[in-house]
Amino acid sequence: MILLAVLLLALVLVPLTGGRLVLLAEIELARVWAIAVALGLQIFIISVIPDRFEGVHVPLHLLSYAFAAVFVWANRRIPGMVVIALGALCNLVAISANGGVMPATTAALRAAGLTTKAGEFANSTAVKDAKLQFLGDVFAIPDSWPIIDNVFSIGDILIAVGILWLILGVCGSRLIPDRFSGLERHQAR
């Protein structure tokens, strides 16, 4: 939900900062199928079968990152995509080091009002003796905030920054200087 909020923020900021949303249609994305599979796998394990088919959640969770990596690599020349990739890599490292689950601090989970039912797969939860905890979900948006209450990581922050950079840069927002937009058409303005 946090990344969806960032996406919506970027879309609102574009016209307010001199950009044009119509320029998003000009992005030529490669291997879109890979990100669709990655998101589909995450939705499947978190929302469709969170408490069934023990033993498939972790491999499918890690596999979703492999598909996402295919998409990001294929689109690495798009402004902000390298930052998104760095954030995803931080998350993948933390998840891999902790048996396929993003380690969250109990304080962050409590602040966000999140609980995990016993026997249910959680992509982010408190992990006993977590490895690389600093890369885990250590930040929280309190449960008093409507809709976007959640925990998040340094990797998620990098992904959010990358999404903002991508959308604002591609759309020609004044917030992203031309030299950082990565797009040649801005040079002619």
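Reply: Before we start, contact here means heavy atoms within 4.5 Å. Also, keep in mind that this is a predicted model.

Me: Thanks! With that in mind, which residues does Ile84 touch, leaving out those up to four places away in sequence?
Reply: Ile84 touches Leu158, Ile159, Gly162, Ile163 and Leu166.

Me: And which members of the largest nonpolar core touch the most other members?
Reply: Ile84 is one of them, along with Met81, Ile163, Leu166 and Ile167, in a core of 18 residues. Two or more residues each come from helix H1 (2–16), H3, H4 and H6. H6 gives the largest share, seven residues.

Me: What other core lies apart from it?
Reply: One of six residues, and Ala94, Ile95, Met102 and Leu135 are among them.

Me: Switching to Tyr65, where does it sit?
Reply: Tyr65 is in helix H3, which covers residues 57–74.

Me: Why does Tyr65 count as buried?
Reply: Because its relative accessibility is 16%, and buried means under 20%.

Me: What does Tyr65 touch beyond four places away in sequence?
Reply: Gln42, Ala88, Asn91, Leu92 and Ile95.

Me: Now the surface: which residues form the nonpolar patch?
Reply: Leu86, Leu89, Val93, Leu132, Phe134, Phe139, Ile154, Ile157 and Val161, with about 730 Å² of accessible area together. Helix H4 (81–97) and helix H6 (154–170) each give two or more residues to this patch.

Me: Where is Leu132, then?
Reply: Leu132 is in the loop between strand S2 (124–126) and strand S3 (139–141). At 34% relative accessibility, Leu132 counts as partly exposed.

Notes:
Residues numbered from 1 in each chain as written. Predicted model: local features only at pLDDT ≥ 70, side-chain atom pairs only at ≥ 80, totals over all residues. Heavy atoms only, no water. Helix = DSSP H or I, 4+ residues; strand = E, 2+ residues; numbered from the N terminus. Buried < 20%, exposed > 50% of the residue type's maximum accessible area, 1.4 Å probe, protein only. Patch = residues over 30% accessible without salt bridge, like charges linked within 9 Å, V, L, I, M, F, W, Y side chains within 5 Å. Areas by Shrake-Rupley, 256 points an atom, 1.4 Å probe, with all protein chains shown as cover. Salt bridge = Lys/Arg side-chain N within 4 Å of Asp/Glu carboxyl O. Core = buried A, V, L, I, M, F, W, Y, C linked by side-chain atoms within 4.5 Å.
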